[in-house]
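Colleague: Could you walk me through this one, with the cut-offs behind each label? I like to know what a word rests on before I use it.

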Amino acid sequence: MHELSLAESMLQIIEDAAAEQGFTRVKKIWMEVGRLSCVEKDALRFGFSVVVDGTVAQQAVLEIIDIAGRGRCERCSSEIAVTTLYDACPNCGSYAIDIIRGNEMRITEMEVE
Amino acid sequence: MCATCGCGTDQVHVDGKILHHHDHDHPEDAHAHMHVHCASDMNVSRRVKIERAILAQNDRYAQSNRQFLAEHGILMLNLVSSPGSGKTTLLVETIRALQNALPIAVIEGDQQTDQDAARIRATGVSALQINTGKGCHLDAHMIGHAMQQLTLQENSILFIENVGNLVCPAGFDLGEAHKVVILSVTEGEDKPLKYPDMFRAADLMLLNKCDLLPYLSFDVNRTIEYAHRVNPSLHIIQVSATQGTGIPEWINWIRNECRQAAITQVKNVHSLQSG
Ligand SMILES: Nc1nc2c(ncn2[C@@H]2O[C@H](COP(=O)(O)OP(=O)(O)OP(=O)(O)O)[C@@H](O)[C@H]2O)c(=O)[nH]1
Ligand SMILES: [Mg+2]
Ligand SMILES: [Zn+2]
Ligand SMILES: [Zn+2]
Ligand SMILES: [Zn+2]
């Protein structure tokens, strides 16, 4: 989806942090992207490289940490691996699964100077 | 010009006027707690923990929209679908059925043109067109501006017709009470599985253009089964916007939601008075 606007939101977060923390260069960014979050990682990398041109994050390396999907079955309460949003619970066959991990889209840490 | 804001893009137009790009700081953004690991010389590398969701800012705008709507007892419904499923046709019919009973306003989102807003205004209700330019979705910041411009009435309904796109509007909370996904029978049964995020994000699905079923090999039961795999609690109504079938059930659903919005408003007022 809209990876370019997500990249713009990332840049806003980084620039806000730069103003608050007084750094002028971002060397590396760690972020978590869940497999169920519908972010296309290559498109995000590309969008990011476009929006950071001429900013504090111009040379930043993007370290994307992949988060696998996990869910809890609403019927039998077992915790299961989730690869698609239409997975049935392997234990009871129910489709009512709460996603507990795999929707992440967040910046967790930066290396700055 | 902007009372609430932070982001926005200079490609976005609200009723033909550019939604300004904001460069100002956001003091409220200081929420994100940042721990400096080794704050020493400015030129020495240091690690900064930040833990910030990429859509956190959108979600804050959405929350403030939701707060405003709750205070005024306004029901906001966000209509999402692929292009051409019949959102505007359905809205026009819905407005005709409700406009004598309730005040209604509409926010139209499209990449280009204000044709849909013009179709809505022809019914007599006020409509605001947001043109997203290259953007493929509406976000909560644009909606906040649009809400300020519309002078909304107490206990009214605000419909949003999102940009025709089954993908990314799913990820953006606008502050709406519900996302309503419209799927037309000419699009194929497999859409809930192919675009599961949208069907999971929605609380109601309108299966539109049912008048065309005799001419198609579209399997309604299979579509419903697929939609319920992705979202077991999804409520589904079969409609034809052009023939009017199913519209009374949809209108009942809306009226029921309006009562909920009014109850929320009363609770809100009470909690403000007691708090
Ligand atoms: N047969 C039939 N045609 C319909 C129905 N609803 C809409 N249409 C037709 O479908 C076409 C698209 O309808 P719109 O209402 O413009 O669809 P939309 O979702 O608003 O389109 P975008 O805003 O461009 O995404 C028009 O030609 C409508 O007349 C329906 O219930 N039955
Ligand atoms: Mg339309
Ligand atoms: Zn189970
Ligand atoms: Zn603004
Ligand atoms: Zn988008």
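Modeller: Happy to! Accessible areas here come from the Shrake-Rupley method with a 1.4 Å probe, and for residues only the protein chains shown count as cover. On that basis the accessible surface of chain B comes to about 12,200 Å², of which 50% belongs to carbon and sulfur atoms. Please keep in mind that this is a predicted model, in which local features need pLDDT of at least 70 and side-chain atom pairs count only at pLDDT 80 or more, while totals for chains, interfaces and linings use all residues. Residues are numbered from 1 along each chain as its sequence is written, chains are lettered from A and ligands numbered from 1 in the order in which they are written, and side-chain values use heavy atoms, with hydrogens and water left out.

Colleague: Which atoms are the protein donors of the zinc ion (ligand 3)?

Modeller: Donors are N, O and S atoms within 2.8 Å of the metal (3.2 Å for Na, K and Ca), and water is not among the atoms, so sites may look incomplete. The SG atoms of Cys73(A), Cys76(A), Cys89(A) and Cys92(A) lie 2.3 Å from the zinc ion and are its protein donors. Along the chain they follow the spacing C-x2-C-x12-C-x2-C.

Colleague: What makes the arrangement around the zinc ion (ligand 3) tetrahedral?

Modeller: Four donors count as tetrahedral if all angles lie between 85 and 135 degrees; four count as square planar and six as octahedral if opposite donors are over 155 degrees apart and all others between 65 and 115, and anything else is irregular. The four donor atoms around the zinc ion subtend angles of 101 to 117°, so the arrangement is tetrahedral.

Colleague: Why does Cys73(A) count as buried, and why does Cys76(A) count as partly exposed?

Modeller: Buried means under 20% relative accessible area, exposed over 50%, and partly exposed in between (1.4 Å probe, protein chains only). Cys73(A) has 2% relative accessibility, so it counts as buried. Cys76(A) has 34%, so it counts as partly exposed.

Colleague: Which strands form the open sheet in chain A?

Modeller: Strands are DSSP runs of E with at least two residues, helices are runs of H or I with at least four, and both are numbered from the N terminus. Two strands pair if DSSP finds at least two bridges between them. In chain A, three strands form an open sheet in the order β4-β3-β5, with antiparallel pairing. Its edge strands are β4 (79–82) and β5 (97–101), each of which pairs on one side only. Strand β3 (residues 69–73) of chain A pairs with β5(A) over four bridges in the antiparallel sense, and Arg70(A) has Arg101(A) as its bridge partner in β5(A).

Colleague: And the other metal: what are the protein donors of the magnesium ion (ligand 2)?

Modeller: They are Thr88(B) (OG1), Asp116(B) (OD) and Glu161(B) (OE), lying 2.1 Å from the magnesium ion. Asp116(B) in helix α3 (residues 115–121) and Glu161(B) in strand β8 (residues 157–161) of chain B link distant parts of the chain, 45 residues apart. Asp116(B) and Glu161(B) are both buried. The donor spacing along the chain is T-x27-D-x44-E.

Colleague: How many helices and strands does chain B have?

Modeller: Chain B has eight helices and 11 strands, and 52% of its 275 residues count as buried. An open sheet of nine strands runs in the order β2-β1-β7-β6-β8-β5-β9-β10-β11 of chain B, with mixed pairing.

Colleague: Why is strand β6 (residues 104–110) of chain B called largely enclosed by the rest of the structure?

Modeller: Seven of the seven residues of β6(B) are buried, so the strand is largely enclosed. Both faces are covered: Ile104(B), Val106(B), Glu108(B) and Asp110(B) are buried on one side, and Ala105(B), Ile107(B) and Gly109(B) on the other.

Colleague: How many bridges join β6(B) to β8(B)?

Modeller: Five bridges join them, and these strands run parallel, with Val106(B) opposite Phe159(B) in β8(B). β6(B) also pairs with β7(B) in the parallel sense over six bridges, where Ala105(B) stands opposite Ser126(B).
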